[in-house]
Amino acid sequence: MAEPPLAQNGSKSGPGSVKSGKSKGGSARSKSKGKDGVPSPVTTAKDNPSADPRTMRRIIAEDPEWSLATVPLLTDLCIVHIVNNFEHNPLLDELKPKHRAKVLEKISTNIPLKVTAHLISDEGYWQRCCKARWDICDVSQYGGSWKRMYFERNLEHIIEHFVPERTNMDVVTDVLPLSGEYIKRLNIKQLLPPIKEETKKDDDTSETGSELGDGPEVDHFEFGPVFEKLPHLEEFGVTYGVKDCGMNFEWNLFQFTTRDCLLISKAVKSCKTLQKFHLCRSKVDDDKVRVLISHLLDHPSLTELDLSHNMIGDSGARAAGKLINRSRVVKMNLCDNKIGAPGALAIGHAVSKNTTLKCLDLRLNRLGDDGGQAICKALLKNSTLTDLNIGSNNMTEPTASILSQVLTTNTTIRTINLSCNRVGPDGGKQLQEGMEENSTVLEMDLRLTEAGQESEYCINQILKKNREDDRQLRLQNEKNKQSS
């Protein structure tokens, strides 16, 4: 039998053979498949027109990272515009809370206070302002308020760098209406005197003046107009002196003049909300403290007076004793002055009749045994004082003897400081005898008193027992409150 003729494509064909229905395109597609039927990545321009660069539209972007997803929202563009123009067109209350929060996070901390003072109450913004301006920010000293911290420290900085007769008063008066509602405390650490013009003097005259330390009296910043604009001021402290003067030291940088005393006295008297007043390290003498206290008598709200590290003597101490019974003072600090026995007698007489004073600090004075005994005898009659500090006053055994009597009868005193007084072993034994009958004293400082190790040990054991009893009593009182 003859073989069937070959087809044009080289395959055998016969009468019963069927021609393949595949077109040329199909054959091309079959060629593009591999052995396992997986499409080949190599395709022709007909099958995939996009593979031909000549038929594709090419776009070359200037920013290779650009994409449609990076287009900002219209609200974000509006927020950026508000932030950039906030100083000239402040918009805040009109915004929704979520948009307002974004604006407060982005606005500059250098915007003038006339724009932000009454408009922004957000603590986060004022926290940024404080940290941008000062390295150390302890908000716990300002009642947890960053806004209060900023305004108080800002005004303190302005006053501390104010030069009388040179700085424009508008610097202070412009900021007071913006700050008044938020300031409760001012602590002025320095006051600059006016800058005096240099005058030519003879060499002999200048040397004599420098030796004597005499110079023209200079008056400092006046606080009266400031206090009028601070309706919520509760605590005020000031030091009349200059910090870090270095080689520019002059005695007149540390003068507290008579006019200064009169001005500050009137300012404190006019501030009816003031509760705490501190005038330390300002060379306040007897004459000036009498002027000051004469304005503080019958003050409606003053509860704490600190006149420590000054030059107050017996005459000033008598004025302080008068203030104790003609005010609502609860705490008085007169440490590191020049008070002797006569001044202590006046203070003791006032304490014996007083019913409000709770804390009295007389350390680093010159009371001696006469003054110490006067103070201790006052405690035999007083029933409100809880804290007494008479350390470093040249006291000896006679004072310890009177104090021993106080320990047996007084039931309100809680803390006693007798450090740096040579009471000696005999005085230590008398204090021990008094403490054996006392159950209320919680602390007694006997360092450098030469009271004897045995007496100090016994006293410390009694103090530990008193503290433990006091703790148990407080716990019991808390339980009773909770149950009721």
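Which elements do the buried residues of α13 pack against? The model is predicted, so to speak of a local feature requires pLDDT of at least 70 and side-chain atom pairs count only at pLDDT 80 or more, while totals for chains, interfaces and linings use all residues. Residues are numbered from 1 along each chain as its sequence is written, and side-chain values use heavy atoms, with hydrogens and water left out.

Start with the overall picture. The chain holds 18 helices and nine strands, where helices (H or I, at least four residues) and strands (E, at least two) are DSSP runs numbered from the N terminus. Of its 484 residues, 41% are buried; buried means under 20% relative accessible area, exposed means over 50%, and partly exposed lies in between, using a 1.4 Å probe and protein chains only. The accessible surface comes to about 29100 Å², and carbon and sulfur atoms account for 51% of it; these areas come from the Shrake-Rupley method with a 1.4 Å probe. Among contacts (heavy atoms within 4.5 Å) with a separation of 6 or more, 77% join residues 24 or more positions apart.

Now to the strands, which pair if DSSP finds at least two bridges between them. Strand β1 (residues 185-188) runs parallel to β2 (residues 235-238) over four bridges, with I188 partnered by V238. On β2, the parallel pairing continues to β3 (residues 276-279), again over four bridges. Here F236 has F277 as its bridge partner, and V238 stands opposite L279. From β3 the next parallel neighbour is β4, paired over three bridges, and F277 meets L305 there.

Next, look at K189, in the loop between β1 and α9 (203-212). K189 counts as partly exposed because its relative accessibility is 41%. Leaving aside residues up to four places away in sequence, K189 touches E160, T239 and K243.

Two or more lining residues come from each of α6 (146-160), β1, β2 and β3. The space in this pocket is about 520 Å³. A pocket here is an open set of points on a 1 Å grid over the protein atoms alone, where a 1.4 Å probe fits, with protein on both sides within 12 Å along at least five of seven lines; lining residues have an atom within 4 Å of a point. Its volume is the space filled by probe spheres set on the points, which are joined across faces, edges and corners.

Back to helix α13 (residues 314-324): its buried residues are G316, A317, A319, A320, G321, L323 and I324. They pack against α12 (286-296), β4 (304-306), β5 (331-333) and α14 (341-353).

Finally, consider two loop residues. S392, between β7 (387-389) and α16 (397-409), has a positive phi near 55° without being a glycine. E450, in the loop between β9 (443-445) and α18 (453-483), is likewise not a glycine and has a positive phi of about 55°.
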